[in-house]
Amino acid sequence: MVKSMKKVKRIIAVALVFTMLFASQVTVFAAGTKDAMQSANKDMSIALMPGVTGDSNTVTFNYNGLPDNAIVKEVKIDCSNASVIGGKGAILAQSLTITSPSGETHTVGWGRGNVTTTNLFIAEKAAGTWSVYMTGTNIASPSLGSAFIGGTKYSRPKMTITYILEE
């Protein structure tokens with residue numbers, strides 16, 4: 001009876017420890033998310049000959065003011081302030097390539113309404129300088145000639161990082 005009582009107490013103690021560990025992890029994660037929004041250091045633009053696929057210039061976002069323990073939950077890039085540049089060619093946006101301050105890089109599909117959201121950087125440190133460029137194709141027919149060089153300018157894209165503070 002004494003041995004079985006000890007086993008029961010031990011099982012209850014282990015269960016209590018696991019319950020406390022799980023509860024504290026949930027509490028840390030649910031402690032609240034915060035958003036930090038920055039505008040790019042310059043406009044992002046792309047100009048291409050008909051039928052050509054290429055990349056825009058790279059823009060950066062400065063998040064050096066975030067706490068060192070800020071951990072990414074989600075990254076959103078808003079390129080909705082777009083305008084046509086160049087001739088009559090049309091640029092079809094295909095993807096964004098995002099690089100975190102630690103050097104991790106992911107290419108993600110272009111988002112609906114020129115707003116792209118990804119959680120591929122989850123658990124990355126948020127503080128530091130992020131960089132972004134886009135890839136697109138001029139969908140004008142190549143037979144139209146150079147008069148149809150087309151381009152798009154995204155005026156000062158915005159990046160929002162949703163993060164939690166790691167304890």
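Strand 2, residues 44-48, and strand 11 are paired antiparallel through five bridges; two strands pair if DSSP finds at least two bridges between them. Before I go on, a word on the model. This is a predicted model, in which local features need pLDDT of at least 70 and side-chain atom pairs count only at pLDDT 80 or more, while totals for chains, interfaces and linings use all residues. Residues are numbered from 1 along each chain as its sequence is written, and side-chain values use heavy atoms, with hydrogens and water left out.

Back to the pairing. Within it, Ile 46 faces Thr 152 of strand 11. Strand 11 also runs antiparallel to strand 6, residues 82-86, again with five bridges. There, Ala 82 has Tyr 154 as its bridge partner.

How many residues of strand 11 are buried? Four of the five, in a strand that covers residues 150-154. Buried here means under 20% relative accessible area, exposed means over 50%, and partly exposed lies in between, with a 1.4 Å probe and protein chains only.

Now the whole chain. Helices (H or I, at least four residues) and strands (E, at least two) are DSSP runs, numbered from the N terminus. Of the 167 residues, 34% are buried. Among contacts with a separation of 6 or more, 81% are between residues 24 or more positions apart; a contact means heavy atoms within 4.5 Å.

Next, the aromatic rings. Rings of Phe, Tyr and Trp (its six-membered ring) pair if their centres lie within 6.5 Å; planes under 30 degrees apart count as stacked, over 60 as edge-to-face and the rest as tilted. That rule gives two aromatic pairs. Why is the pair of Trp 110 and Tyr 154 tilted? Because the planes stand at 50 degrees, with the ring centres 5.4 Å apart. This pair links distant parts of the chain: Trp 110 is in the loop between strand 8 (105-109) and strand 9 (115-118), and Tyr 154, 44 residues away, is in strand 11. Trp 110 has 17% relative accessibility, so Trp 110 counts as buried. Tyr 154 is buried too, at 4%.

The other pair is Phe 121 with Trp 130, which is edge-to-face, at 5.2 Å between centres and 75 degrees between planes. Phe 121 counts as buried because its relative accessibility is 0%. Trp 130 is also buried, with a relative accessible area of 0%.
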